[in-house]
Amino acid sequence: MAKNLEDLEDKNTKVIVRVSPVSEGDLEEVYQIELECFGRDAYPKLVFNYLLRNPRSIFLKATIDNILVGFIAGLCHRDECLLYTLNVKKDFRRMGIGSILLEALEKKALELNMKKIVLQVEVTNSPAVNLYLKKGYSITRMIKNYYGYRRDAYEACKLL
Ligand SMILES: CC(C)(COP(=O)(O)OP(=O)(O)OC[C@H]1O[C@@H](n2cnc3c(N)ncnc32)[C@H](O)[C@@H]1OP(=O)(O)O)[C@@H](O)C(=O)NCCC(=O)NCCS
């Protein structure tokens, strides 16, 4: 097994979720999942190309039996890692995969000497807001119209 792969077992389902770096060959699938999750709000493909090539990025995928079921991406700057996106395919949600990906990103960020994770999340996105609160994130402020007219964001952070 490649040395930077991690096998993590979801305690509820006993499904083996493998977390490993996103590679060039994953980009189309990653983009399709981004589209499934965010539709017209999806990041353009070039953002994922940029993340793949940026040495300051943390870009991880979750697979079950070699099926890509989710991914997470963050970018490190000074002592902060900004969480760009976290997506789990619809059929694989509520199995702990989002939590596993977030924990894996936090672990990598800590290895890179980051002091905190910062993120923005739409205030109406209850699954994501609940996930971040459950994983120890604190809401630091609300940003009006962050995602467009009347679409506000919470900014949240977690000290590592
Ligand atoms: C947000 C998202 C990544 C969560 O992924 P997931 O794998 O389903 O999350 P987990 O199974 O690890 O859930 C962990 C906790 O998050 C919360 N949560 C997750 N889905 C939820 C839902 N539909 N409703 C309410 N709370 C939810 C719960 O507190 C849950 O813990 P519990 O199952 O013990 O109650 C997933 O719903 C998703 O991909 N959404 C679309 C993309 C998105 O909005 N990403 C976030 C961008 S900021």
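A salt bridge is taken here as a side-chain nitrogen of Lys or Arg within 4 Å of a carboxyl oxygen of Asp or Glu. By this criterion, the side chains of lysine 158 and glutamate 106 meet in a salt bridge, with a distance of 3.1 Å from N to O. The pair links distant parts of the chain, since lysine 158 lies in strand 8 and glutamate 106 in helix 3 (residues 97-111), 52 residues apart. Both lysine 158 and glutamate 106 are buried, where buried means under 20% relative accessible area, exposed over 50%, and partly exposed in between (1.4 Å probe, protein chains only).

The structure is a predicted model, in which local features need pLDDT of at least 70 and side-chain atom pairs count only at pLDDT 80 or more, whereas totals for chains, interfaces and linings use all residues. Residues are numbered from 1 along each chain as its sequence is written, and side-chain values use heavy atoms, with hydrogens and water left out.

The chain contains 4 helices and 8 strands, these being DSSP runs (helices H or I of at least four residues, strands E of at least two) numbered from the N terminus. Along the sequence, these elements follow the pattern β-β-α-α-β-β-β-α-β-α-β-β. The radius of gyration of the chain is 15 Å, close to the 15 Å that the globule rule gives for 160 residues, so the chain is as compact as a globular protein of that length; the radius is taken over C-alpha atoms, and the rule is 2.2 Å times the number of residues to the power 0.38. Of the 160 residues, 44% count as buried.

A search of the whole structure finds 10 salt bridges. In one of these, the side chains of arginine 151 and aspartate 41 meet at 2.7 Å, N to O. This pair, too, links distant parts of the chain, with arginine 151 in the loop between strand 7 (138-143) and strand 8 (153-159) and aspartate 41 in the loop between helix 1 (27-38) and helix 2 (45-53), 110 residues apart. Arginine 151 is partly exposed, with a relative accessible area of 24%, and aspartate 41 is likewise partly exposed, at 39%.

A further salt bridge joins the side chains of aspartate 152 and lysine 144 (3.5 Å, N to O). Here aspartate 152 is buried, with a relative accessible area of 12%, whereas lysine 144 is exposed, with a relative accessible area of 57%. Salt bridges that share partners also join Asp41, Glu122 and Arg151 into one network.
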